Each structure stands twice: as structure tokens, then as C-alpha cells.
Amino acid sequence: MSTISTHLRNFKEPTREQLNLLFFSLPIDAETHGGEKAASGELERMEISAVLTLGVQNIEDAYPGKLYLIPPYLAFSSLDRKSVRFTIPLSTIRRVERLNARAGIYALSLSLWHNTKIVVQLTSLRPTADLFCSLLRDALKAELNRGQMKAVKSFIETCYSESLLANIESDNKENAGSKADSGSTDSLHLGGLGLKFKYPGDPRKLREASKMKLWTTYLKTHGRNLTLLRYPQYTRLVQVGLPNRLRGEMWETLSGSLYLRFAHPGEYERILKENEGRTSTSTEEIEKDLHRSLPEYPAYQSEEGIGALRRVLQAYSFRHPETGYCQAMNILAAAILIYMSEEQAFWLLQVICDRLLPGYYSPSMHGTLLDQRVFESLVHKCLPILYEHFTAVDVQLSVASLPWFLSLFINSMPMVFAFRIIDCFFCMGPKVLFQVGLTILKINGEELLQVQDDGGFIHLMRNYFASLGDSAHPESADPRARAITRFQELLLVSFREFAIITDEMIQNERKRFRGEIVHSIESFSKRSAIRNLKTLHRFTKDQAGLIYDALFKAICIEPPPAASLPPPSLLTTKDSPEERPETRIGLKTFRVFLSEIATWARIEKIVSNGFQQRVEREVAEHEFIDRIFSFWDTDYRGSLSFQDLISGLDGVMFNDLMENIEWFFNLHDKNKDGYLTKDEVLTLSESLLFIFRYEIGDAYLGAVSRFMSNAFEYGDALLPRPEGSDPDDDPPPLESNQPYINLATFRMVVLADEVLESFFESDFASTFRLEPVPMMEMPNANTSLLGGLWDTLTSSDNRKIFNRLTDEVGRTIGKHQVYHRPAIGKFATLEEPKARESLLTPTMRRSASKASLRLEEQSTPRVDIPSTSKSAPANLNVPIRGEVDKAEGGLSPSAYSAMPSMFEAAATAAALMERTPFAIDDAKDDEDDESEDETEGEDDGVMDEVDAFLEAHDSGLTPAEQELAQDLIHAEPVK
Amino acid sequence: MADASGSSADKSVQVKLVLLGEAAVGKSSVVLRFVSNEFQANKEPTIGAAFLTQKCRLEDRVLRYEIWDTAGQERFHSLAPMYYRNAQAAVVVYDVTKASSLEKAKTWVKELQRQANPNIVIALAGNKVDLVQPASAPSPTPVAESEDEADDATATPGEATGEQPESLRQVPREEAEAYAQEAGLLFFETSAKTGEGIVEIFTEIAKKIPIEQILASSRGGAGRAGGVGGRTGTGSQQGGVNLEENAAKGKDACNC
Ligand SMILES: Nc1nc2c(ncn2[C@@H]2O[C@H](COP(=O)(O)OP(=O)(O)O)[C@@H](O)[C@H]2O)c(=O)[nH]1
Ligand SMILES: [Mg+2]
């Protein structure tokens, strides 16, 4: 009933490089798919100081700034990052000339596709400029080889600006003729539903004609579409509103979706074709919303518009199954389709969802939540009185502002106005949404201070939006002031007073709150996962929470395979009951999960290398664990849900002696017939040995071998024999699946042994530990400036490096030791309880296991803890058991290494079984090896250990080792 | 401003009510039926939640419902607390022809009971009963209405065939009723299409709301003019809720 998503864990702050790409409206690396990357991957990027001049007349100033080679693009930004900039595909550069200028000046003249010429003067030192030029040359060559240069022509023909200028030019030549075919050339160029269904708003009021004129002039001298250069006038033109016919193309250029469309010709059609007929949750959800997307616009009352909307949304969901479809995307898509073709809209939608509003529409909507939080914080900063009022009367900003951001105001204000905000949004970036949002609140400040609740807030906002076309100063004597609409006032205030809201500021605010948001989303889904459990069984909610944490961690480490999309077309029937999405884990993830909870399901190595001691945890793999997985998979689905895990654990963690014995029995009774076969008895013994593999001493080994011989003896004795045959005769041969012992017998055999009895009574239960899972830390608000998950990863990398280094040094100086921590850790000393009087009658004891007798003899010699252990290096102590006294606790390495031979005999006794050799451990303190804060404790201890070691062994190190150790001290590798 | 009522002494009690439930069970239709007494394909896109108001007279008291109709898409679930916080009432809707929608309704109920206002009055509404009723009530299949749903993928299968209505039912009334009883919810089977049971939900909720408490604790209960209607900002509803004790809606119409 719940999905567990870990993708927020990979949520990284954008790097400087990525921010730069974002600035230039270029795909950030993660976004590029396949070919693009391969083609440009090896080409080097470079930036260089440069002065840009427009190569024609003196129509623009020269701008100092930076030129970036980002193959396959060339980009420039003036120093203020605002006035002037461009991003052009290298393939549109037709000619590059080194200008033969005055000495000491290094300038390149670039002729671009649209007969524009720009001159960039490289102001760096000569060798740097030379390097830049050679890289540029390489990059250009690569584009040529890729055939991109040829693609430019046909691509550019799809852009309306081409026909606009072509018309002007031909108009100049021959007035009559060209007008006639301008209509037909127009249809070559891509356009939106507005062509047929009209654009919203009154063209005269929008002053379309004069806007068009201004744009034509601008585009004539500053390039267009792929080669567009953005000079200051450009931004001003955008701010007064793009003309309808040019709007789509300008959006493409400004957002950079144009470059995606250029780089992936035909991809939109291909996606649709490949997925034809396919249905998914997303396609179903899309269907529901098609008729509620700008329904008042005529195109969306016809199949033509609805069909286009459906295809664009579906294509997006097919290409991005992880995001799929989110309500509000329908509104965006419907809006942009008025101004652009399906293919254009598809790419633009992608840029909006992935780049401009990252995470807004993802299943957790973390981007939305984050930006709402950022907005709130900006309101706090910029409009403190209002913020305090809202806090006082408990009004939530988001009830009104959420749709502003999610649907770019399209759903909140009349479309004509929303589109003008969107023009600015594409031109100046997401900060525009914040600026406009703040202005709305500011302008309505007085009334907002009267608002007492959420409803009143919404109501007020509605009235305001409905009045945007009214005069802002209806009372003014000045007719020009009266002519200013409330919408114009809104934009004016946004860009004047809230110019202080910069991209950087938003980035920083996002950084500040990201951890908080991720945390709240994760704990929200945790709470609902727990709430949605059908039953908690005997667990408390807190315990279920710990189990959830272990599951969550396991999913982070070993993500379960993504739920696959239903196969295309025919196979999916609409009426099959819709499965609710639910996270289920496979065996691999399960092993990780169990290793968090059961001590025997992990391998804990205590490594000490002379510098530090640490615990290394690995996930164990054994048939026993796999068996539990299947045992808990009661529906035979090959996977387990959170509920399955809760139920499974409930079945084993609360058991008393008898129940545990039964659980163990059932676990191994594969066909559930109430009997174990002889093979199953063997498997069961192996399971026991697996659990005991790291216990100290041979008590458990002895117990298992006694168990086996007793079980076999008893089982054989109870086997049905032919009538009248001598009970002392050998039993008849067994069939492989023949029932061998039943639960009652099994119980008796187990109870015959003190070690096993106490194992089933309490030790086994105690191997299940619900403890706070040391999670990968999330950056918190305070550290976020330095932090971010990335840092955590880096530091865990550092940690590994540190560990590796110190291990190496430890090895060279002979101080490297590895011990395994036992799963039960009951027998600290090597004392061992004796086997009980057998329950078997003497006759049954017929072949009373010699092995077990021998074992007892063999195991009598105890290992004396050498009194000389004081001389053993103190750092052999197991660090987690803090209370172990250094002086007494340490065993000398030789004592350990002597031990395995002792067990050889015992090992023979366990004849049939392959067993992991018992590892040895210092287990001075019993039971209580709580591992709660092992990581922290260890971390804290590390540097002290190194210090101590160096002090004690100062002379023992070679100078090189000393240096290394010194480095390590200063490396600060952990935390 | 167009706020006609201002802070004039107004005996109306403001009740915040939230609608929750799986997508397409008919939440918006239920609200539309209650607020404007009509049934039509839902035209209003819901981002987060739609906000509507409606007055309702109960004996000598006027209740002013502030209705938050939440978006049903699963990923908006985490936003729901924003809308149900401080709510005095909730209508959790499921679709009687879709068993899974009752499961979802139950999780909403659980969530509300643990996270919402502890005194919240919750009503469970099994919507679309018109689909499972015998044709005695002349099974409304006029062209106009089937047109509404013709292109709506969510239109329940069988609507067109309409042969054995009872067989479409996936949630027996008794089952849901027993659950509601056990969980302490008001229970109704409703049809936004025919109007059955709709007004009852809101009147029964009104009766159960501890009005005196709200009055005592509210910030004066001075109602602002209610605003219904979408982006055009016009108070679009003329028809009253067909409930005799329903108040006139003069105020709601004033924000044109
Ligand atoms: N037959 C029938 N259809 C209904 C009823 N209520 C809603 N619907 C239809 O169910 C679909 C979803 O309704 P909607 O109100 O949008 O659901 P919401 O997503 O829960 O708000 C629409 O096609 C409605 O016309 C009802 O009572 N009877
Ligand atoms: Mg709805």
C-alpha cells in the first residue's frame, strides 16, 4: 500500500559547471542522452575572457565578458551576466577568421549562419588564446564530421522568424509578388493551435503589429533562432510581451529547448510510434485531465486540440517514466501548444520539467515543496509584516501560491497576462516566479493584513487576478497614469523592487531548505507506510518505524528493480484490477535488509591496523537467508512488501521456546507436510552452523553435531520397519523426500541439548535487533552551505581511502588484524555446557555418536588466556565494547591463531557439513555488544588512536611512514 | 473591495470542510452538485485544491461551508495536510463501482483520525450509486449526459451497457456501512449525477458539528463574502441547493 522512494537521496546541489550550463540554457550533463554525449564527450570545454562586438555597423556597444566553448556550443556572457549573451550551436558558425589587428590584440571574427558577424577579442594571454582557438577548431571539425553543419539549413526552415525576415526582404525587392506566397511559406514553419483557433486576447490591444515590427528590426541585425544574440534591447522587448506568432519560437530559443529539438530530430515522432497503443498509469491519468485543460480555449473543445495535448503529454511520460504525468503539466502543455507545434511543445515541456522547475512534477513533488518553502522564506525576508500576520492568523501561503508556481500562473490569472509572465520566465529564469509572487502579495498588502484565514486569502487573490486588466490608478488626473493597468503595475514592481531576488539567492535558499524538505517528505512517507500497514502485529509503531528504516536503508543500498511498465498495447486490458503501486523488494535487497536487523545476517569484521579500529559490515549470503525470504513470501510473488516483512518478523521475534522451535522446523519443512526429510535435517543443521559461524568456542559446534547425531539416531529408530524385523537392524534405505522426523521429535532432540535449548529459548530472539539504523546523514540546514549529500558521499569515500591507507600501513608494520564479531556472543570464555542426559533410551542409543563423545574430550582443553597478554598492543581491543579493559582484554595474536587447529576434530564430527571455520573473537563481555553508536564512537576514536599510536611508536616508523601518518592526522577523513 | 458583508454582525458559522478520495470518484462533482445543484463534466482543473463556499441553513443557524476539494492524483497526497488542517469536517468519497477506492478512502480516514483536528466530523460517501440502481428510476441515459462522459476515460465501464446495474457494484452497502460504523463515520451512498444523498451529507455534518464550540473559539465568525466560481471570478451559481432550509445566496453572488 505504499511506495518507498529513495531518489531524494540522490538529490544533489547543482555544481558550478551545471549552473553555468543552466544559465546558457544548455542541457545539463545528466540530461544528455546517448549519442550527444559520446560525440561531444571527449571535446574539451574552456572559458576565456573576451570582448564582444557586433561585426556589422556600430549599432551596439562592445561588451567585455567571457566566452565559453562548451562543445557543441559556443556561449558568451557579458560580465554582469545580464546585458549581453548568446548560446549558439557550433554548427551555425560558417567561418572563423583571426583578425589581422594591431599588435597585441587577438581577435576572432565569426560569421554565423544568418549573415551576422561577431567579433570576439580574446583578452587573455596569448598562449591561452591559442589554446582556445585550437580547441575551437577541434570542436568545429567534430561538428562538421558529425554532419551537423548540413542539418542547420533544414532545421532553420522550421522557424517562423525565417519567413518573417524573408518576407521583409522580398517585400523590399518586389512589393507585389511575394505577398501572395507568404501565406504558403508560412505554413512550412511550425506553429501552434493559435494559428487556427486564434490566440487569446485582442491583437489590437496587444499591439501585435508594432511589436512585430520591432522584432523584425531586431532579428535582422542580431541573428535569430539558433544564432540569436541577446542584447539589452532584447530583454526589454520580451518584457513588453512577445508577439503571438513569434512567441513559440522565442520560448524555444530562450529556454534552450530549441537546441534539444535540433539535436534530436524525429525523436518526438519516434517515441510516439514506439509506444503506440501503450497504456500506463500515466496515460490513464492524462486521459482524465485532457478535458480539463484550458477548456475555455476553443481548440480544447475539438479533437484536434485534445489529440495534440494527449500526444505531447504521453510522449513526455514515455520518455520520462519516473516522472510520468503530474497534474498541472496538462495546463502547461495546453498553454504552450497554443503557440507551438507538438514537437516544439514536447521539448519545451521537457526543459520546463527537468531544468527550469526541477522536481516540481516528480512523484514526491519535492521541487514544488522546496520552492514553496523558499517562497515562504523570501516573504519572511521581504514582507516581514505580512509574514507575521499570516503566522499569527495561521494562514498558509501555499494554499494560494502552490498553483502559481506549478502552473506558471496560467491557472490563476487571465491567460493573456499569464503568458506575459511566462515570456519573462523563459527569458530571465525561475526567479521571475518568485518576483511576481512577492509583488502580488506586496501590492495587496493592505487587504492581506485583514485576511483571517486560508479561504479569505484565496478569495482576495481571486478578486485581484480578475482585476488585472483594470487601471492601476483609476483616480489619477494624468491620463497616462490612468492607462497603466494593474498587470503592468505588477510587472513593473516585480522587476524594479524585486530585482533583489537573484538566481543566486534562490539557489542559496534552495540549498538551505533542501535537507529539511527531503527529511519531511521521507518522514511523511514513512508515517503513511506505517499507517497503511494492514496490521502491525505485535510491534509498536516505533518498532515498525525501525523496521521501515532498515528497509529504507536497504533500498538505498540495493535498489529493487523498477516496477516495469506494462507491456505495450494489446496485452493490457483496461478492466484488470488496477494494482496500487507498492514497493516490493527482491532477494538482494532483502539480504541487506535482514543484515540490518539480524546479527547473523551480517558479517562484522573488526579491523585493527595499528592506527584505528573499525567495524566493517558486510551482508551475509546463505541459503538460510534465502529460505526465510521464500518463507515470508506467502503469496509466492518472488518479492516482499513492507507488510510481508512486518508479518515475517512478527512470526519470529516474539516467540517463546516452543514457538521458536516450531518456527525453525516450519522454515525447513519445505513441502509443509509436518515432517522434515533427512536432507532437510541436514539443511537445518547447516542453518544452525551458519548462525553460529562466528561464535567463540566450540560449544555450538558441539551442540550441532550432537543435534545431528541425535536426530539421525532418533529418526532412524522411528522409521517404519518391515513387520517382525529386528529393531536393531539397520533401517531400510530412505527415499529422498521421505518424511523423516516430525515436530515432536525435532523438539525432543533440541531440548536434549542445553545449548540448543537456550538458543531457542532466548539467544535466537536476541539476534534480532531493532535499533536505530545509522542512516546516511542528510545535510541539515546549518551545514547546508558546505554540505549536501554530495559531501556525505565524498566523506564516505574519504573514509574508505583512509581505511585503505591505514590498513596498508598496518600491514607493513604487522599490526593489521581482522576479527569477526559473533552473532550471539554468549560464550565469552570457552567454557561449554555439557550435553544433557539423552532422552533416548539406551537401546536407541545404539550407535551413540562417538563423534559427540570425542568432541567432548577434544574440547576440554581450554585455551588459557596468556597472562602475557598485557604486552599485546592495546589497540587490539574491540572498540565497540568500550568497557573492555585494555590491559586485560587483549588476547595475543598467537593465542588466536593457535585455535583453529583445535577445531579440526570437531569439524570432522560435523562430517557431512561444510562449515565456515569458526572465527575467533575477544568476547570478554557477554551478550551485550550493542552496536548502536559504533560508527560515531569509532569515528571519534580514530584520530585519538592515531595520535596515541604515533606517540607510542614514534621510533618504530620509517620516516616515510611517519610522514604518511602525519598526513593522515591532518587529512581529516571522517565526518 | 467587493466585500459586501464586511464585518457586519453575521450569525453564520464558518465550517471548513475538505473532500478527499481517490481520483475520479466524483469529489468535484459532489461539490458541484451541492454548491450549484448541477452535474456536468468537470471543467475546472484542480491544482492542489479547489476552493468553494456554500451556505446552508440549519434550524436558526446559518452555516457557511468553506469547501476544499483536493486533487485526487496520488502524488498530491503529501500536500493534503495543507488543506485538511484545521478542518472541522471531511467528506471522504469512494466510488461504489470500484473496490479499490474504498481502500483508499480507509487510508484517508486513518490519516485524518491521526493527523487532523481531533474533533473532525468525517463522512464517508459512496458515490455513483446511480450506476448500481435498478432501472426503476429511469436510468438516465439521455444523449446530453452520455456526451459529458463520452470522452472521459474514467467513466465507469458498463455505464453504456447498463444492463444489470447491481452487478457493477463492487462495494456492498453493508460492508461500507459496517466499516463506517466501526470507525465512527457518518455514512451515505450518493450520486452527484442524480443528486441523491448529496444534501444529506452536508446537513448531517452540520448537525454533528459542535457549532457552539466553533462560535466560542472562532475569531468572531464574521463571514467574508463567499467566492465561488473559477478564474473568471464570477459567482456563477444561481440555483440553490435543493434544500428547503438552504439560505439565500445573496452574498455569494456579490463578488462579480
Ligand atoms: N454516473 C455517475 N458519474 C459520476 C458521478 N459523480 C461523478 N461522476 C463522473 O466521474 C468522473 C470523475 O468525477 P470528478 O468529480 O471529476 O471526480 P474527482 O476526481 O473525484 O473530483 C466524471 O466523469 C464524472 O462525470 C455520479 O454520481 N454518477
Ligand atoms: Mg476533482
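1. Helix H1 (residues 27–36) of chain B lies across E1, E2, E3, strand E4 (89–95) and strand E5 (121–127) of chain B, and this helix runs at about 155° to E3(B). Here helices (H or I, at least four residues) and strands (E, at least two) are DSSP runs, numbered from the N terminus, and contact means heavy atoms within 4.5 Å. Axes are lines fitted to C-alpha atoms, for helices over the stretch in contact, and angles run from 0 to 180 degrees between N-to-C directions. Helix H7 (residues 198–208) of chain B lies across E1, E2, E3, E4, E5 and E6 of chain B, running at about 170° to E6(B).

2. Please keep in mind that this is a predicted model, in which local features need pLDDT of at least 70 and side-chain atom pairs count only at pLDDT 80 or more, while totals for chains, interfaces and linings use all residues. Residues are numbered from 1 along each chain as its sequence is written, chains are lettered from A and ligands numbered from 1 in the order in which they are written, and side-chain values use heavy atoms, with hydrogens and water left out.

3. The sheet of chain B is open and has six strands in the order E2-E3-E1-E4-E5-E6, with mixed pairing; two strands pair if DSSP finds at least two bridges between them. Strand E2 (49–58) and strand E6 (186–189) of chain B stand at the edges with a single partner strand each, so one side of each is left without a neighbour in the sheet. From one strand to the next, the twist averages 25°. Within this sheet, strand E1 (residues 13–21) of chain B runs parallel to strand E3 (residues 61–70) of chain B, and seven bridges join them; Leu19(B) has Asp69(B) as its bridge partner in E3(B).

4. In chain A, eight strands form an open sheet with antiparallel pairing, in the order E5-E6-E7-E1-E2-E3-E4-E8. Its edges are strand E5 (93–98) and E8 of chain A, each with a single partner strand, so one side of each has no neighbour in the sheet. Strand E1 (residues 46–54) of chain A is joined by seven bridges to strand E2 (residues 63–70) of chain A, running antiparallel, and Glu47(A) stands opposite Tyr68(A) in E2(A). E1(A) also runs antiparallel to strand E7 (residues 117–122) of chain A, with five bridges, and there Leu52(A) stands opposite Val120(A).

5. Two backbone details of chain A deserve a careful look. Most residues other than glycine have a negative phi, and most peptide bonds are trans. Pro71(A) and Pro72(A), however, are joined by a cis peptide bond with omega of about 0°, and Pro72(A) is found in the loop between E2 and strand E3 (73–78) of chain A. Asn225(A) has a positive phi, near 35°, and is found in the loop between helix H8 (208–222) and strand E8 (229–230) of chain A.

6. The largest cavity has a volume of about 100 Å³, and Asn225(A) is one of its lining residues. On a 1 Å grid over the protein atoms alone, a cavity is a set of points where a 1.4 Å probe fits but cannot get out, and lining residues have an atom within 4 Å of a point; grid points are joined across faces, edges and corners, and a volume is the space filled by probe spheres set on the points. The largest share of this lining, three residues, comes from E4(A).

Note on methods: On a 1 Å grid over the protein atoms alone, a cavity is a set of points where a 1.4 Å probe fits but cannot get out, and a pocket is an open set with protein on both sides within 12 Å along at least five of seven lines; lining residues have an atom within 4 Å of a point.
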